[in-house]
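Student: I am new to this structure and want to know how its labels are reached. Can we take them one by one?

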Amino acid sequence: MGEQIKIACGVFGAINYEKQHIFPYIYWGMRAQNHRGHQSHGFLTYNNEKFHVHRNLDLIPKLKSSAIQEWFGRLPGQVGIANVRYTTSGKCDEKSLIKGTQPVTASKNGFKLAVSFNGNVVNTFQIKKEISKEFPRFSYECDADLICHKLLIELMKGKDLKSAVKTCMQEIEGAFSVAGITKDGEFFAFKDPCGIRPLCAGHSEDRSTYAFSSETVGLDINSFEKDFEIEPGELVTTSKNGFQREKLVNGNRKAFCAFEFAYFARADSCFDDRYVYEVREEFGRNLVRENPSIVKDSDIIISIPETGDDAALGAHEESGLRWERASRRHRYVTERAFILLNKERYSTIDKKVNILASKVKGKRIIITEDSVVRGDTTKIIIEKLRRMGAKKVYVFITFPRIIGPCFYGIDMATYGQLIGSKHNPEEIAEIIGADAVCYQAIENFVKATSFKRDKLCLACVTGKYPTPLAQRLADEMKKRFLAGTEEIARPYEMDELLQKI
Ligand code: SF4
């Protein structure tokens with residue numbers, strides 16, 4: 001497989017109108033969302049017409065309350081944005097990772113801009129070409145640079161923020177949930193016309209502070225009240241009086257990422273006023289209803305990893321089978337296996353999950369799992385259960401079978417890396433050593449989310465992409481994959497190729 005650069009991020013930003021330092025809010029708002037990316041983090045504030053930035057690798061560090069005040073000198077101001085990010089890339093040296101850390105800035109001819117971004121640009125080749133005309137030495141490690149420079153170029157043409165953002169929405173294809181600050185300290189946020197990634201808005205009780213956050217947990221931790229989820233194609237700005245909302249572009253359709261429900265989001269976050277937790281419980285119930293004969297042939301339910309817990313509770317309630325907490329995490333081994341690089345994954349799963357041997361010995365077990373991408377994580381866990389004497393192992397997977405890549409910010413870049421693109425559930429069961437693998441039916445998954453089917457992105461499980469270039473990329477990649485040609489993992493290169501054919 002070639003070099004890959006794929007991103008998943010978390011965004012937080014806030015502004016205070018009573019001259020309070022903003023750093024504590026963006027620190028806590030972002031720390032609540034460290035699960036969205038833990039390879040790097042960054043904070044940026046605006047004060048006296050200057051941007052002040054701190055970026056570093058790894059998780060956001062723990063700061064004592066008194067230490068937070070010490071940061072006011074380094075990151076002063078009443079408005080700020082923050083980001084957490086992960087990337088898997090051929091270039092994993094510290095310098096490259098630091099270079100790709102957000103928030104990012106761009107400046108030229110007295111214009112400047114800062115943005116924090118979550119998503120992925122699909123037509124990178126075209127946008128990069130355009131940016132290179134204005135910035136001949138432009139190179140980027142992260143799609144946030146593309147968004148930031150493109151927006152700056154539109155502002156440099158004399159457009160106001162609204163028209164500049166509108167052009168970006170019309171010309172950039174992909175997923176982008178953005179919070180930003182202009183050179184005048186104007187605070188804003190916007191989403192792509194399909195609204196693929198989450199971004200919500202909220203306020204403090206005294207209405208002196210307004211914030212944007214990828215997930216509602218970023219608002220909760222600051223005791224902010226949620227106002228609304230930003231609509232697809234919407235630009236939101238703030239003033240002392242609150243939020244000003246404007247729909248700039250009508251997309252083909254809303255396409256909120258279904259995978260957020262199954263895997264990415266924290267269970268205590270809300271989408272459309274429903275806790276992700278409740279949705280995941282319903283996933284578990286659905287799997288039981290869909291597979292009565294397997295339930296009949298089972299003794300206990302266990303959940304691995306943590307994101308399978310909520311589904312396990314639902315499955316336990318629906319089936320009456322005991323939910324045995326027979327797998328425990330080593331609490332302070334915090335790496336997410338999916339985010340880790342291949343070589344790190346094996347050793348970490350072994351280190352982070354411990355099985356209570358006597359609870360599984362001789363038992364017929366249902367494991368609830370949030371998703372199976374490559375299959376190797378689940379395989380290792382099943383091997384562990386077999387070693388401990390499990391008699392049968394069935395796998396209930398809440399996210400339907402992933403059959404195609406994601407071009408919108410989740411690290412699933414090629415058909416080749418997806419076990420579900422090549423194999424049916426029976427074959428997958430054999431490969432990972434399970435007695436059966438049961439994926440939740442797409443219709444039941446959708447029903448549990450309370451979203452209408454045509455308001456969700458389900459591209460990686462249906463092959464139907466909500467944006468046109470992504471569809472062409474997927475179709476071309478599939479053709480190559482089926483023909484046995486080596487896949488190009490970077491949409492940028494594939495986009496370039498598509499321009500030629
Ligand atoms: S392709 Fe899958 S992972 Fe990517 S945005 Fe759509 S639903 Fe989410």
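Tutor: Start with the classes: Ala, Val, Leu, Ile, Met, Phe, Trp, Tyr, Cys and Pro count as nonpolar, while Asp, Glu, Lys and Arg count as charged. The model is a predicted one.

Student: What makes up the shell around the ligand, by class?

Tutor: The shell has eleven nonpolar residues, no polar residues and one charged residue. Its members are Ile 196, Arg 197, Cys 257, Ala 258, Phe 259, Cys 406, Tyr 408, Ile 410, Met 412, Cys 457, Ala 459 and Cys 460. Arg counts as charged, so Arg 197 is the charged residue of the shell.

Student: Where does the ligand sit?

Tutor: The ligand sits in the second largest cavity. To sit in a cavity, a molecule needs more than half of its atoms within 2 Å of the grid points of that cavity.

Student: What lines the second largest cavity?

Tutor: The lining has 16 residues, and Cys 257, Cys 406, Tyr 408, Cys 457 and Cys 460 lie nearest the centre. By class, the lining divides into 15 nonpolar, no polar and one charged.

Student: How is the lining of the second largest pocket divided by class?

Tutor: That lining has nine nonpolar, nine polar and five charged residues. The second largest pocket holds about 340 Å³ of space. Its lining counts 23 residues, with Gln 170, Ile 172, Glu 173, Thr 467 and Pro 468 nearest the centre. Helix 6 (161-171), helix 19 and helix 20 (491-500) each give two or more residues to the lining.

Student: Which residues of the largest nonpolar core touch the most other members?

Tutor: They are Phe 259, Phe 261, Phe 399, Ile 402 and Tyr 408, in a core of 48 residues. Among the elements that give two or more residues to this core are strand 14 (256-257), helix 8 (259-264), helix 9 (276-290) and helix 19 (468-482). Helix 19 gives the most, with six residues.

Student: Why would nonpolar side chains be grouped like this?

Tutor: In soluble globular proteins, nonpolar side chains tend to be buried together.

Student: Why is Pro 400 called buried?

Tutor: Pro 400 has a relative accessibility of 3%. Buried means under 20%, so Pro 400 counts as buried. Pro 400 is found in the loop between strand 22 (392-397) and helix 15 (419-422). Pro 400 and Ala 441 are 41 residues apart along the chain, and their C-alpha atoms are separated by 6.2 Å.

Student: Is Val 104 buried or exposed, and why?

Tutor: At 4% relative accessibility, Val 104 falls under the 20% limit and therefore counts as buried. Val 104 has its place in strand 5. From Val 104 to Arg 55 there are 49 residues in sequence and 9.7 Å in space, C-alpha to C-alpha.

Student: Why does Pro 193 count as buried?

Tutor: The relative accessible area of Pro 193 is 14%, which is under 20%, so Pro 193 is buried. Pro 193 lies in the loop between strand 8 (187-191) and strand 9 (200-203). Pro 193 and Cys 270 are 77 residues apart in sequence and 21 Å apart in space, C-alpha to C-alpha.

Student: What makes Asp 454 partly exposed?

Tutor: The relative accessible area of Asp 454 is 43%. Asp 454 lies in the loop between helix 17 and strand 24.

Student: How do you know that Lys 19 is exposed?

Tutor: Exposed means over 50%, and Lys 19 is at 72% relative accessibility, so Lys 19 counts as exposed. Lys 19 is in the loop between strand 1 (6-16) and helix 1 (23-31). Phi of Lys 19 is near 60 degrees, a positive value in a residue other than glycine.

Student: Why is Asp 58 called exposed?

Tutor: The relative accessible area of Asp 58 is 52%, which is over 50%, so Asp 58 is exposed. Asp 58 lies in the loop between strand 3 (50-57) and helix 2 (65-70), and its phi is near 75 degrees.

Student: What is the peptide bond from Gln 102 to Pro 103, cis or trans?

Tutor: That bond is cis, with omega near -5 degrees. Pro 103 is found in the loop between helix 3 (94-99) and strand 5 (104-108).

Methods
Residues are numbered from 1 along each chain as its sequence is written. This is a predicted model: local features need pLDDT of at least 70, side-chain atom pairs count only at pLDDT 80 or more; totals for chains, interfaces and linings use all residues. Side-chain values use heavy atoms; hydrogens and water are left out. A residue is near a molecule or strand if one of its heavy atoms lies within 4 Å of it. On a 1 Å grid over the protein atoms alone, a cavity is a set of points where a 1.4 Å probe fits but cannot get out, and a pocket is an open set with protein on both sides within 12 Å along at least five of seven lines; lining residues have an atom within 4 Å of a point. A nonpolar core is a set of buried Ala, Val, Leu, Ile, Met, Phe, Trp, Tyr and Cys residues joined through side-chain atoms within 4.5 Å. Buried means under 20% relative accessible area, exposed over 50%, partly exposed in between (1.4 Å probe, protein chains only). Helices (H or I, at least four residues) and strands (E, at least two) are DSSP runs, numbered from the N terminus. Grid points are joined across faces, edges and corners, and a volume is the space filled by probe spheres set on the points.
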